[in-house]
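Student: Hello! I am new to this structure and would like to learn how to read it. Could you take me through a few features?

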Amino acid sequence: MLGAILLLAISGFVFGALARWAVPGPDPMPVWLTIFIGLGGSAIGGGITAAVLHANKNVSRADYFTIELASILVSILLVVAYRHFIQQRAILGPDALKPPTRGFGIGRPGRSHRPSLREAVQKAQLLKALDDLRSHGLLSDEEYQQKRTKLLAGDEPPAST
């Protein structure tokens, strides 16, 4: 039983890897997703092809080849669908060669890393220093707002403000 599960995972990985290789551009996806894409392509493409060919106990080598080819082709279609609907990026052309910004295994867009305690303390100290500069009349309200916005947005390193 364990051998069957292992063989199923390996075949899913092989079909998924072939499908990822066939579609141009980087696809940094986790191994489990590669396996699921390969297994999905095998189940859908191989299952439909086996049903159309009436493959039962007497399957020829040509039938096996056709079933395997259909499994790979459907796996490729699943990678294309993943790239289009989940990653929301181009399949072909120069944009397909750009790294994805969304999808499984990629940080969520618009979400910055959680600051460490040291970074948070530095930012709080700099905000306090900006407040002091403004209260002493060394910064205008406009300059204060610009510096504060940049500091809170993380556009410039804390040491330069």
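Tutor: Gladly! A helix here is a DSSP run of H or I with at least four residues, and helices are numbered from the N terminus. Keep in mind that this is a predicted model.

Student: With that numbering, where is the place of Q88?

Tutor: Q88 sits in the loop between helix 3 and helix 4, the latter spanning 117–135.

Student: What is the phi of Q88?

Tutor: Start with the general idea: most residues other than glycine have a negative phi. Here, Q88 has a phi near 50 degrees, a positive value in a residue that is not glycine.

Student: Is Q88 buried or exposed?

Tutor: Exposed means over 50% relative accessible area. Q88 counts as exposed because its relative accessibility is 51%.

Student: And which residues form the nonpolar patch on the surface?

Tutor: L6, I10, F13, V14, L18, W21 and V31 form it, and together they have about 720 Å² of accessible area. Helix 1, residues 2–22, gives the largest share of the patch, six residues. W21 lies in helix 1, and W21 counts as exposed because its relative accessibility is 72%.

Student: How do I read the way helix 1 and helix 3 cross?

Tutor: Look at the angle between their axes. The axes of helix 1 and helix 3 (residues 61–86) come within 8 Å and cross at roughly 60 degrees. Angles under 35 degrees count as roughly parallel, and 65 to 115 as roughly perpendicular. Helix 1 and helix 3 are therefore oblique to each other. As for handedness, helix 1 passes helix 3 in a right-handed crossing.

Terms used
Residues numbered from 1 in each chain as written. Predicted model: local features only at pLDDT ≥ 70, side-chain atom pairs only at ≥ 80, totals over all residues. Heavy atoms only, no water. Patch = residues over 30% accessible without salt bridge, like charges linked within 9 Å, V, L, I, M, F, W, Y side chains within 5 Å. Areas by Shrake-Rupley, 256 points an atom, 1.4 Å probe, with all protein chains shown as cover. Salt bridge = Lys/Arg side-chain N within 4 Å of Asp/Glu carboxyl O. Helix = DSSP H or I, 4+ residues; strand = E, 2+ residues; numbered from the N terminus. Buried < 20%, exposed > 50% of the residue type's maximum accessible area, 1.4 Å probe, protein only. Axes fitted to C-alpha atoms, helices over the stretch in contact; angles between N-to-C directions. Parallel < 35°, antiparallel > 145°, perpendicular 65-115°, else oblique. Left-handed = near helix turned anticlockwise from the far one by under 90°.
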